[in-house]
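Open the model in your viewer and keep the selection tool at hand. The tour goes from one selection to the next and says what is there.

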Amino acid sequence: MENKHTLSVLVENRPGVLTRVAGLFARRGYNIDSLAVGRTENPAVSRMTIVVEGDEYVIEQVTKQLEKLVEVIEVSDITKKEHVERELILIKVKAEPSVRGEIMQIVDIFRARVVDIGKDTLIIEATGDIGKINAIESSMKPFGILEVVRTGKVAMLRGPKYEIE
Amino acid sequence: MSVRSERMSEVMQVGSIKEKAEKSRTVFSGAELVIKTLEDLGVEVIFGFPGGAVLPLYDALYHSKKIRHILTRHEQGAAHAADGYARSSGKVGVCIATSGPGATNLVTGIANAYMDSVPMVAITGQVAVNAIGRDSFQEADITGITMPITKHNFLIKDVKEIVPTLKKAFYIASTGRPGPVLIDLPKDITVKEAEYNPWVDVEIPGYRLPVMSGNGTISSVAEAVMQSEKPVIYAGGGVLKSKAEKELLAFAEKLNIPVTTTLMGKSCFPENHPLSLGMLGMHGTVYANYAVSQCDLLIGIGVRFADRVTGDVSTFAENARIVHIDIDPAEIGKNVAVDFPVIGDAKEVLVRLLELTQEKKNTQWLKTIEEWKKQYPLTYKDNGKLKPQYVIEQISELTGGKAFVATEVGQHQMWAAQLYKTAVPRTFISSGGLGTMGFGLPAAIGVQVANPDAVVFDIAGDGSLQMNIQELATVVQYELPINIALINNRYLGMVRQWQEIFHGGRYSQTDLSCQPDFVKLAEAYGMEALRVEKKEEVRPALKKAIESKKPVLIDFWVEREENVFPMVPPGGSIKKMLRG
Ligand SMILES: Cc1ncc(C[n+]2csc(CCOP(=O)(O)OP(=O)(O)O)c2C)c(N)n1
Ligand SMILES: [Mg+2]
């Protein structure tokens with residue numbers, strides 16, 4: 001975990017921006033752990049939350065190279081700043097009637113939700129920080145996980161409006 | 001960022017009556033808007049090659065009285081010519097190609113400009129907007145292809161975007177750390193119509209020019225310089241781009257600091273100056289590499305600590321504190337850890353450093369360097385035969401280092417870098433970062449177009465020259481008095497040298513004995529040409545070529561297996577050089 005950094009990146013909301021950012025990471029050999037992107041309160045601007053693995057040198061390089069992209073407006077390493085982070089997970093788990101009760105209990109403990117019930121399966125939705133998401137995923141493992149979809153982390157600084165430095 | 005249109009309003013005020021009538025027209029086709037905007041931006045020359053997708057653009061160009069178009073014979077030639085034009089003039093070079101193969105033929109030239117930070121705008125035709133993504137005839141995703149080799153690129157999908165996009169492209173290409181920008185222009189957009197508003201303001205929210213480091217940082221550099229007993233300046237292409245050569249000279253002279261330059265920095269410091277160490281790195285001088293290895297302060301200005309310079313980074317300037325002055329923050333600390341990072345334009349930083357420092361002698365250090373210069377001069381074995389190094393020396397002497405010299409890539413390029421002593425800034429035009437064979441001839445075309453009265457050489461290799469040989473036709477058509485000094489060793493010499501030294505002398509696929517008769521070939525294109533096989537013929541031939549003021553090719557049949565020394569083996573320490 002020490003080597004993971006959360007970058008909050010404001011970009012112009014234009015076609016191709018994601019390719020430019022992803023291409024930069026691939027080209028320069030940086031490792032993306034997760035990348036989530038969506039528009040902000042300003043429809044012309046999107047925010048990417050990128051989790052990158054690397055030491056200080058790598059993070060500095062990533063930041064500077066990202067800042068050189070013309071459509072990147074602002075890059076901020078928020079790892080050490082006060083922020084709220086969330087990820088959403090959908091887990092399709094094997095759930096024969098005999099174990100459903102047990103699964104439901106776990107779901108309750110994590111304040112997750114069951115969002116679909118199949119013949120022998122359940123889909124569980126949970127949001128939370130990365131720790132919680134990892135915990136619920138591993139507690140479902142014994143029942144047999146069929147599929148997992150995760151959004152990647154999104155994050156927001158605490159306090160008044162995010163300020164561009 | 002907002003670009004105001006000062007230049008444009010100037011241009012708009014001076015107008016003939018006919019232009020006034022033209023001005024009463026308010027609606028123009030996309031193609032006309034492109035040409036009008038280029039004119040307003042001050043573009044005088046475009047290098048290009050037509051095709052289906054740019055037919056409307058060429059039609060609009062046909063009517064332009066302000067823009068000259070140079071028809072190269074290959075789009076790669078157009079890109080390199082625009083590059084040479086930009087490097088030698090400091091202006092933005094412009095090239096045009098059609099969609100698909102035209103655009104992909106530009107790719108090497110764009111990558112070349114990107115690696116060497118050359119301001120360039122490439123305009124490519126594209127299939128119509130509604131045909132994009134359907135594998136249409138001559139469709140290539142050129143914005144996708146050039147994403148990693150451009151500073152930025154644009155695909156225009158609305159005729160109203162033409163004027164602002166061109167303005168953005170020129171601004172991005174020429175400011176900060178310069179670089180190529182590509183604009184992809186679908187054919188249907190060039191025939192749609194829109195109003196012309198040259199005063200449109202453009203915003204590029206994510207593009208900010210780097211802010212210069214504060215006084216504290218620069219003062220601490222000044223202090224370090226004053227404390228240093230063995231300083232060296234390591235100057236690169238950034239000095240030329242920032243036009244900081246006068247300040248560099250003043251700074252070096254005031255503090256008596258020896259100056260070594262990179263291949264890209266060559267010509268930023270007069271090479272006949274006692275403080276000049278010539279080039280450093282893989283084929284640098286012994287004294288430059290020794291000086292860097294033993295200095296106590298290395299002052300990098302507009303450089304990027306490239307692997308061809310540093311060799312093994314762990315031993316590079318290992319006794320020195322390192323200052324790195326560069327306009328691109330991402331360069332600082334990228335390859336080498338730096339003690340004094342300074343962000344800023346070379347000229348502005350040097351002006352500050354001049355204010356903050358006092359005169360200094362460094363007598364002992366300069367004496368040591370003088371001894372190295374005596375002990376390890378650049379030299380070669382003169383056996384009376386025709387040596388490539390001799391040819392370069394003669395070009396240097398006859399021109400007084402005041403000509404423009406473009407080069408191809410290989411041994412001849414390194415000999416030119418070592419032995420052609422530049423006296424004037426921005427006159428040495430060579431492919432540094434990408435090392436592109438075939439660059440020199442089209443680059444020389446760009447140089448000569450930008451500097452019609454100058455003496456221009458292309459120092460060429462026989463392998464490289466064949467990579468863009470078709471451009472001889474361009475040279476002849478536009479009567480460009482370029483002197484091609486062909487260093488003909490009938491080998492891919494530089495590769496052969498590596499095979500000799502590192503691969504047991506197995507000359508795998510490097511023998512070019514089968515080659516055209518270059519004299520006849522040049523004559524077939526309509527050029528004058530002559531062959532030189534003896535040492536004593538060199539000077540008369542060069543004189544004749546320079547005085548003729550016509551395009552001339554001289555085919556110098558040099559000793560075939562001459563090697564470039566000194567040489568630092570790849571990945572080795574620059575302290576240990578092979579000296580032949
Ligand atoms: C486009 C391209 N292909 C291959 C190379 C690899 N390469 C570097 S130098 C060289 C030999 C160049 O031969 P020539 O132009 O005759 O110059 P010489 O070294 O003989 O002076 C080659 C093949 C290159 N730099 N560029
Ligand atoms: Mg050769």
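Which side chain meets that of A:Arg113 in a salt bridge? Select A:Arg113 and A:Glu125: their side chains form the salt bridge, 3.3 Å from N to O. A salt bridge here is a side-chain nitrogen of Lys or Arg within 4 Å of a carboxyl oxygen of Asp or Glu. A:Arg113 is in strand β6 (residues 113–117) of chain A and A:Glu125 in strand β7 (residues 121–128) of chain A, so the pair ties together parts that are 12 residues apart in sequence. Helices (H or I, at least four residues) and strands (E, at least two) are DSSP runs, numbered from the N terminus. Over all chains, the structure holds 38 salt bridges.

Some ground rules before the next stop. This is a predicted model, in which local features need pLDDT of at least 70 and side-chain atom pairs count only at pLDDT 80 or more, while totals for chains, interfaces and linings use all residues. Residues are numbered from 1 along each chain as its sequence is written, chains are lettered from A and ligands numbered from 1 in the order in which they are written, and side-chain values use heavy atoms, with hydrogens and water left out.

**Stop 1: the two domains of chain A**

Colour residues 4–81 of chain A as domain 1 and residues 84–154 as domain 2; these bounds come from an automatic or database domain assignment. Their C-alpha centres lie 29 Å apart. Six residues of domain 1 of chain A are in contact (heavy atoms within 4.5 Å) with four residues of domain 2 of chain A.

The two domains of chain A bury about 350 Å² between them, 57% of it on carbon and sulfur atoms. Buried area is the accessible area (1.4 Å probe) that two parts lose on being put together, summed over both. Now select A:Ser34, A:Ala36 and A:Thr49, which supply 68% of the area that domain 1 of chain A buries against domain 2 of chain A, more than any other three residues.

How many salt bridges does the rule find across the interface of domain 1 of chain A and domain 2 of chain A? The count there is zero. One residue pair is in polar contact between these domains (both at pLDDT 80 or more). A polar contact is a pair of N or O atoms within 3.5 Å; within protein, one must be able to donate a hydrogen and the other to accept it, and residues adjacent in sequence count only if both atoms are side-chain atoms.

Show β2 (31–39) and β3 (45–53) of chain A: each supplies at least two residues of the side of domain 1 that touches domain 2. The largest share of that side, three residues, comes from β2(A).

**Stop 2: where chain A meets chain B**

Show both chains. The contact takes 18 residues from chain A and 19 residues from chain B. About 1,500 Å² is buried between chain A and chain B, and carbon and sulfur atoms give 49% of this area.

Select A:Lys68 and B:Asp328, whose side chains meet in a salt bridge (2.5 Å, N to O). One salt bridge is the count between chain A and chain B. Seven residue pairs are in polar contact across this interface (both at pLDDT 80 or more). On the chain A side, α1 (17–28), α2 (56–68) and β4 (72–77) each supply at least two residues, and the largest share, seven residues, comes from α2(A).

**Stop 3: domains within chain B**

Chain B is assigned domain 1 (25–195), domain 2 (215–375) and domain 3 (388–557). The C-alpha centres of domain 1 and domain 2 of chain B lie 37 Å apart. Nine residues from domain 1 of chain B and seven residues from domain 2 of chain B make the contact.

The area buried between domain 1 and domain 2 of chain B is about 600 Å², with 54% from carbon and sulfur atoms. Select B:Met115, B:Asp116 and B:Arg177: they supply 61% of the area that domain 1 of chain B buries against domain 2 of chain B, more than any other three residues. Two salt bridges are found across this interface.

**Stop 4**

B:Asp462 lies in helix α20 (residues 462–465) of chain B and B:Asn489 in the loop between β18 (482–488) and α22 (493–502) of chain B, so the pair ties together parts that are 27 residues apart in sequence.
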